Amino acid sequence: MRRPHALVLAFFSLIFSSCEKDPPLHEPGSNETINQWTLDQMKRYYYWNDKIGSTQDYQQSPDLFFKNILYPEDHFSNILQTLNSDTYGNTLTNTFGFDIVQLQNQSGPIQLVTQVVPYSEADLAGLQRGDSLTHINKTLMDQINFQSLLDKSLHLPAIQIKRHDGKVFNLPSSYISQPVVYTSKVISSSSKVGYIFISQFDFGGAYSLLEAIQNLKSKQIEELIVDLRYNPGGQVAFAAFCALLMADIKENYIFAKYRGNKNIKTIEDTFETTLLRQPDGYSFKASEVLKQGLHLKKIYILTGPNTASASEMLINGLNPYVQIVQVGTKTYGKDMASTTISTPEEIHGTERSWHLIPMIYKIYNNAGQGDYGNGITPQKVTDEFAFLPLVPIGNSRDPLIQEALSTINNKDPKANSSVSVGAKTSTISSKYVSSSYHTIPIEVNIQNKTEE
């Protein structure tokens, strides 16, 4: 009589324990739920929505699943999780106040400091652009370990670097906000040439840029050299702000055309509508900015492989209206805009939310010019690393500045085919490895296409 009763209890006990171990499928916060939602969003908005990778493994972590479905040629789309620092990117510039590249010469690799953020710990300690570094965290840098050493340093509370002359720098990790305008000045009074170095596009430096432009205007400059060689982009509204302050344009001229897949509308933004996207706390009007501008018909822009995103957009967007004389080397090649799509609560549940940042638009100018995914090539190709040692930012001996000035004066630039590092002189390969460089994405809001 007791045996059937025991079997029934055992049966229900088995069901109960099974439910404990295996939560229901599609539960909010589960990898499967988040990944299915991710795939749905990508099929609707992703620029390459017809080339999404196939995967059946919905149990993967959301960041891995996202990367597996990306179009192989897409190097920019990203996914981040709230409060998960492992999914975010740091750089040497915003963490320790300097940046570095590795060059190859006949005797082996050398590591050169390219930027030192003004007033950072690195600057105050005496580190200078052009310094040659040998060690990081007491390890000799070489071709094999260079990138991994830099990547590891970004997760440390401090970094130790050793200069070629033996001097050691101990730099603490911190959040460093670099000034937008490093320097601005009249660089050639005889030719009335102004120069300005812009590190990034951020409205935190709007009034500094406005002051710099007004100062150059008071000096009655006739030519302007804009140094964007290390500018990774930033706020597109700030790129429009720069254009309005510098170029002979009108606020209702088209700055950019955004073209996506068949599910979303094409957007055409004027310089005025682009400026309206400025952050809260700023209220610049395009017509007022224009009144304070230089109204130049020709602008000289210095570029390099770190010139990216919104800084490339500035070059391309101004091309139909004024003469852009580009000097330096080819730009990074970020001709796309992204948007941010966050998981709703019914998808992530009690887990931290995820944020998709897919590429959704290709960017073109008013003349239909774009597709610069391989970079924008200058008319005046000049490699700054072919003329060493590197001189301070804005120094008239800088080879890119010399090339721009010689073009303005219609003279041949000074020839120099060798470089000097320490006591040695050697030929340098133009190929180099950047450190921890990250482009700043161009963000736009999705405009869904409505049925006619």
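User: How many residues of helix α11 are buried?

Analyst: Buried means under 20% relative accessible area, exposed over 50%, and partly exposed in between, with a 1.4 Å probe and protein chains only. Helix α11, residues 310-318, is mostly covered, with nine of its nine residues buried. Helices (H or I, at least four residues) and strands (E, at least two) are DSSP runs numbered from the N terminus. This is a predicted model in which local features need pLDDT of at least 70 and side-chain atom pairs count only at pLDDT 80 or more, while totals for chains, interfaces and linings use all residues. Residues are numbered from 1 along each chain as its sequence is written, and side-chain values use heavy atoms, leaving out hydrogens and water.

User: What do the buried residues of α11 pack against?

Analyst: Contact means heavy atoms within 4.5 Å. The buried residues of α11 pack against the helices α8 (236-246) and α9 (271-275), and against β11 (254-259), β13 (298-303), β14 (323-328) and β18 (359-364).

User: Where does P320 lie, and which residues does P320 touch?

Analyst: P320 is in the loop between α11 and β14. P320 counts as partly exposed because its relative accessible area is 31%. Not counting residues up to four places away in sequence, P320 touches N365, N366, A367 and Q369. P320 and I254 are 66 residues apart in sequence, and their C-alpha atoms are 9.5 Å apart in space.

User: How is the span of a helix read, as for α2?

Analyst: The expected span is 1.5 Å times one less than the number of residues. Helix α2 (residues 31-45) has 15 residues and reaches 21 Å from its first C-alpha to its last, close to the 21 Å expected.

User: Which residues of α2 are buried, and what covers them?

Analyst: An α-helix has 3.6 residues a turn, so residues three or four places apart point the same way. In α2 the buried residues are E32, T33, I34, N35, W37, T38, L39, Q41, M42 and Y45. Their cover includes α3 (62-69), β16 (341-342), α12 (345-348), β17 (354-357) and β18.

User: Is S353 buried or exposed?

Analyst: S353 is buried, because its relative accessible area is 15%. S353 lies in the loop between α12 and β17. Leaving aside neighbours within four places in sequence, S353 is in contact with L80, Q81, T82, T343 and H348. A polar contact is a pair of N or O atoms within 3.5 Å; within protein, one must be able to donate a hydrogen and the other to accept it, and residues adjacent in sequence count only if both atoms are side-chain atoms. The side chain of S353 makes one with the side chain of H355 (3.5 Å).

User: Which residues touch the most other members of the largest nonpolar core?

Analyst: A nonpolar core is a set of buried Ala, Val, Leu, Ile, Met, Phe, Trp, Tyr and Cys residues joined through side-chain atoms within 4.5 Å. The largest one has 80 residues, of which I198, L209, F241, Y258 and L318 touch the most other members. Helix α8 gives the largest share of this core, 11 residues. Apart from it lies another core of 25 residues, among them V101, I187, V193 and V327.

User: What is the mean pLDDT of the protein?

Analyst: pLDDT is the predictor's confidence in each residue, from 0 to 100. The mean is 87, and 86% of residues reach 70 or more. Over residues 1-23 the pLDDT is below 50, and this stretch has zero contacts in the model beyond near neighbours in sequence. Where pLDDT is low, the predicted coordinates should not be read in detail.
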